[in-house]
Amino acid sequence: MNEEQAPAQRQYIRIVYGKGEAIKFISHHDEFRLWERTLRRADLPLLYKQGFNPQPHMQFASPLGVGITGARELLDFTLSPAVPLPALRQRLQAKLAPGVTLVEVEELAEKPASLQGLLIGADYSIVIYAAPGEIDPALLVQRIDEFLAEETIWRQRERKGAIYSYNLRPLIFDLRYTGYDAAGEEHRIFLRVQQRAGATGRPDEVVDALGFDDFARTLRRDRIYLADSAEDTAIFAAYPLITQQQIAGRAGTGRSLRQHYQDAARKSPALAPGGVGSRSINERAGDEFV
Amino acid sequence: MAYTPKQITRALDRVLHKVEQPARYTGGELNSISKAWDDPAIRTKVALAFPDIYELGGSNLGLQVLYDLINRRPDLLAERVFCPWPDFEYYLRRDQIPLYGLETRHPLAEFDIIGFSLPYEQLYTNVLTMLDLTGLPLHAADRSSEHPLVIAGGSGCYNPEPMSTFFDAMVIGEGEEVIFALIDVFQQWRQTAGRTRRTLWEQLARVPGVYVPTLYTVTYAASGEIAAVTPDHPAAPPEVLKRVMTVLPPPVTRFIVPFINVVHNRAAIEIMRGCTRGCRFCQAGMIFRPVRERPVDEVLQAVDEMIEQCGFEEVSFLSLSSSDYTYVAELVRRTMEKHGAKRLSVGLPSLRIESFSVDLMDLLEKGRRRSGFTFAPEAATDRLRDVINKPIAGSDLLATAEEVYKRGWTTIKMYFMIGHPTQTLEDVQAIADLAKEVLAVGRRVLGKKANVRIGVSTLVPKPHTPFQWVPMAEESVILAQIELLQRQLRGPGIHFSWNDPKETLVEAFLTRGDRRIGAVIERAWQLGAKLEGWGEYFNFSAWEQAFADVGLDMDWYARRARPLEETLPWEHISAGVKKQFLAQEYIHTYQGGVVDDCREHCFSCGILGYFKEQRRAAPDEAWECPPLGRDKQRQPVDVTPVPLYFNDEMSPDRTGQLDHRVPQRRSGTVSKRLAPIELV
């Protein structure tokens with residue numbers, strides 16, 4: 001009865017997938033459920049953990065921030081019993097959620113190490129939408145140059161309700177304007193960051209620090225770099241390893257980006273005062289008569 | 001400013017990363033339907049509007065049903081729209097972005113018809129927010145023939161008067177039955193020369209089940225009561241009778257699968273509509289008559305389809321009283337046989353308090369484990385349960401609780417109401433006593449793990465129920481009762497929650513109001529009332545100010561006992577239940593007379609009289625009402641409800657006079673057609 005006793009039956013699958021524009025605003029938590037449901041629709045025998053409220057054996061390389069698309073995201077999951085790879089690929093392809101594209105499906109020989117622990121960095125595209133002539137490229141280039149000229153760029157973030165500050169600048173290894181695409185009306189900026197536990201450069205923080213936060217934009221993660229890939233480590237050998245201590249600031253003061261957004265919306269005289277979410281969805285569920 | 005979908009998308013890319021849960025506003029979910037806007041085959045575009053945020057409306061079954069139905073027709077298009085949370089509302093206003101349909105992001109004002117769902121009163125102010133963000137005049141009378149037609153449907157429309165000034169037409173009864181007739185009338189009107197809003201109203205008023213408020217004049221007596229409601233046009237009927245489906249169509253199985261977590265994040269299948277129990281406080285039990293069941297094979301097939309098309313890990317079988325569904329045992333058994341091993345969780349809400357329910361839930365446990373078991377006795381003494389016509393013996397309740405704990409559930413949740421007619425402080429004390437008794441049973445069986453959760457709400461006497469004449473309890477009385485419960489229901493193992501009496505009061509005057517309340521709603525909205533269902537935005541002072549500004553009294557609406565001869569604001573709307581039936585039941589309330597489940601015995605509530613053609617057209621087993629026709633098996637029919645018995649504490653003079661008919665308060669399994677043995 002204990003599923004841990006039959007490891008031979010387990011099949012470890014890794015998929016590479018794209019998270020598109022249509023679903024860029026869903027949270028990681030929601031994306032987890034999206035994949036669980038995709039696998040249920042495909043009728044794949046996803047292995048569940050033991051426990052009162054069993055969770056499926058699924059792990060993502062790196063949760064994407066809200067509002068960010070991904071070109072090559074990684075997901076590992078475990079099936080039991082095994083499904084032949086071509087059938088698996090076909091069933092998955094037929095039942096994908098909107099906004100998801102399947103890039104690769106691969107069977108791993110053994111239980112994979114935690115992908116999150118292997119992360120070292122990521123490349124992003126920052127796309128700023130503007131009609132021709134609406135934003136002068138020289139302005140974008142100037143802001144980027146100013147950003148790169150700094151040694152410290154203090155940012156505030158929230159952890160468990162407490163504000164802390166950290167230096168964003170050392171986490172940014174590359175940042176450059178790569179041109180304007182008139183067809184899509186897109187200014188493009190390339191961004192390479194370190195991505196390690198406690199020392200991750202976040203693209204939305206970069207956009208805000210650049211002063212671009214009020215432009216229509218989209219952010220895309222093009223590539224994740226992992227420590228177990230010779231190719232990836234070779235590329236990142238060019239950059240220093242930034243530790244959490246190196247970027248830590250004094251106890252935080254000021255407001256995080258999220259608080260800043262909430263303040264803006266609340267300042268409007270048209271809006272009644274009050275916090276967001278003091279009444280849970282579950283409490284509201286009780287009201288709902290269906 | 002005219003916005004294109006591309007401009008709206010651009011605007012969203014500018015602001016959505018700044019708001020909470022941006023995926024509320026982006027659509028594109030699995031099974032959502034995005035039709036080509038410019039397709040010449042599409043003649044009418046409908047926006048289905050739910051006046052609460054996505055998390056509340058996204059799982060609404062009525063919305064899904066209409067969405068599916070309309071989009072099946074190649075000449076129609078339906079999209080969804082929800083009320084924005086204030087942070088997004090701020091950006092919409094700041095950047096002058098119009099409210100838009102989620103599927104193709106066209107401004108709402110470009111649709112032909114905007115259909116609001118009005119399931120309950122807390123959402124009324126949100127309708128105004130959404131009309132305003134659409135850029136439409138709030139009042140139907142101020143809209144031209146170029147504006148979209150703005151309609152409403154849902155149980156809130158059974159008293160349409162408070163919101164009547166904002167809608168061109170309101171649908172009474174089941175939307176599936178009437179929506180196409182309404183759209184057809186709209187399409188014909190649009191092809192006529194010299195059309196005006198007024199001609200549209202007149203043509204809509206001819207559709208049975210459609211109420212066009214502007215075609216009626218309401219006059220008032222000096223006392224403030226309604227003198228008369230008079231149609232101004234021959235097309236407008238003096239009484240608008242609700243519409244019902246003869247046979248429920250197969251359930252929707254291409255359910256929209258939300259990306260984000262909504263309140264009921266699961267597949268929902270309605271197994272039965274209506275309820276035969278006749279609880280006197282319950283509006284749903286009165287307005288959703290007659291009781292119609294779906295065949296069990298149809299439901300089971302729907303489960304299979306839903307899993308394949310949606311991938312939900314939970315399916316919920318909806319009805320007002322699951323235990324009363326004829327095939328409930330078979331449904332549960334066969335669902336678990338097929339899907340139990342795949343970790344499918346099955347919800348079966350509204351179970352009666354009897355051991356049979358515990359057997360059912362036990363079977364369902366083969367899916368995913370749940371910790372709690374919920375019951376709604378609504379009152380804590382036998383006497384008061386007789387008053388509300390929900391006769392459950394106290395001894396049965398404790399026996400059921402013991403069975404629940406014995407099978408390993410640790411939590412029992414019980415819902416009660418305070419403010420019932422004839423209720424005393426002793427009845428309230430009994431809630432606390434019962435909670436403690438149930439906990440004691442749990443402790444005996446499970447030890448310290450056992451706990452009870454008690455939820456208490458205040459009775460809001462609803463239109464079209466026998467309690468429609470009853471006043472809502474005074475606030476001082478409610479507060480004293482809540483305080484008593486707070487004092488008593490504390491300590492380990494007991495959790496007590498209650499509704500804010502102020503929120504209940506708002507619900508009460510909105511549900512019991514007349515046409516004049518429309519001005520109060522509009523004023524309160526101007527003063528910042530919105531999202532009443534969300535504690536942090538509830539703004540009672542806005543309502544107080546609005547009543548003062550308009551010159552009305554909220555207590556006059558909410559807390560006034562209404563004489564039987566008064567013309568009630570909703571009397572020109574018929575739910576198919578006769579006033580005489582409701583009045584009899586109102587009288588029985590104060591006598592302690594208990595009326596039986598009407599499957600056992602028809603009391604001529606009115607449904608069979610109003611809908612006899614449909615009853616004849618339906619298969620015998622599709623309705624719980626007795627079949628009509630000479631060759632049909634007869635069932636006892638009474639012209640008026642005859643009580644099973646009179647409660648001896650309420651009517652000593654009448655007690656016993658009906659004893660020959662049926663035994664006193666029944667215990668054991670009430671669903672007599674189903675012995676628990678069938679489960680094994």
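The structure is a predicted model, in which local features need pLDDT of at least 70 and side-chain atom pairs count only at pLDDT 80 or more, whereas totals for chains, interfaces and linings use all residues. Residues are numbered from 1 along each chain as its sequence is written, and chains are lettered from A and ligands numbered from 1 in the order in which they are written.

Of the 290 residues in chain A, 26% are buried, a residue being buried if 20 or more other C-beta atoms lie within 10 Å of its own, exposed if 12 or fewer, and partly exposed in between, with C-beta atoms placed from the backbone. Two residues are in contact if their C-beta atoms, placed from the backbone, lie within 7 Å, and among the contacts in chain A with a separation of 6 or more, 74% join residues 24 or more positions apart. Strand E8 (residues 172-181) and strand E9 (residues 186-196) of chain A pair in the antiparallel sense over eight bridges, where pairing requires that DSSP finds at least two bridges between two strands. Within this pair, Leu175(A) stands opposite Leu191(A), and in the hairpin, which has four residues between the strands, Glu185(A) takes a positive phi near 55 degrees.

The contact between the chains takes 46 residues from chain A and 46 residues from chain B. On the side of chain B that touches chain A, the elements giving two or more residues are helices H1 (5-15), H2 (54-57), H4 (86-94) and H9 (296-310) of chain B, and H4(B) gives the most, with four residues.

Chain B contains an open sheet of six strands with mixed pairing, in the order E2-E1-E3-E4-E5-E6, and its edge strands, each pairing on one side only, are E2 (76-82) and E6 (210-211) of chain B. Strand E5 (residues 169-171) of chain B pairs with E6(B) in the antiparallel sense over two bridges, with Met170(B) opposite Tyr211(B). Helix H3 (residues 61-72) of chain B packs on this sheet, touching E1 (44-50), E2 and E3 (113-117) of chain B, and its direction makes about 155 degrees with that of E2(B); axes are lines fitted to C-alpha atoms, for helices over the stretch in contact, and angles run from 0 to 180 degrees between N-to-C directions.

Helix H16 (residues 501-512) of chain B has end C-alpha atoms 16 Å apart, which agrees with the 16 Å that its 12 residues should span at 1.5 Å a residue, the expected span being 1.5 Å times one less than the number of residues. Because 10 of its 12 residues are buried, H16(B) is largely enclosed by the rest of the structure. The cover over these buried residues includes helix H5 (124-134), strand E17 (451-458) and helix H15 (475-488) of chain B.

Leaving aside neighbours within four places in sequence, Ala435(B) is in contact with Met414(B), Val452(B), Ile454(B), Leu489(B) and Ile494(B).
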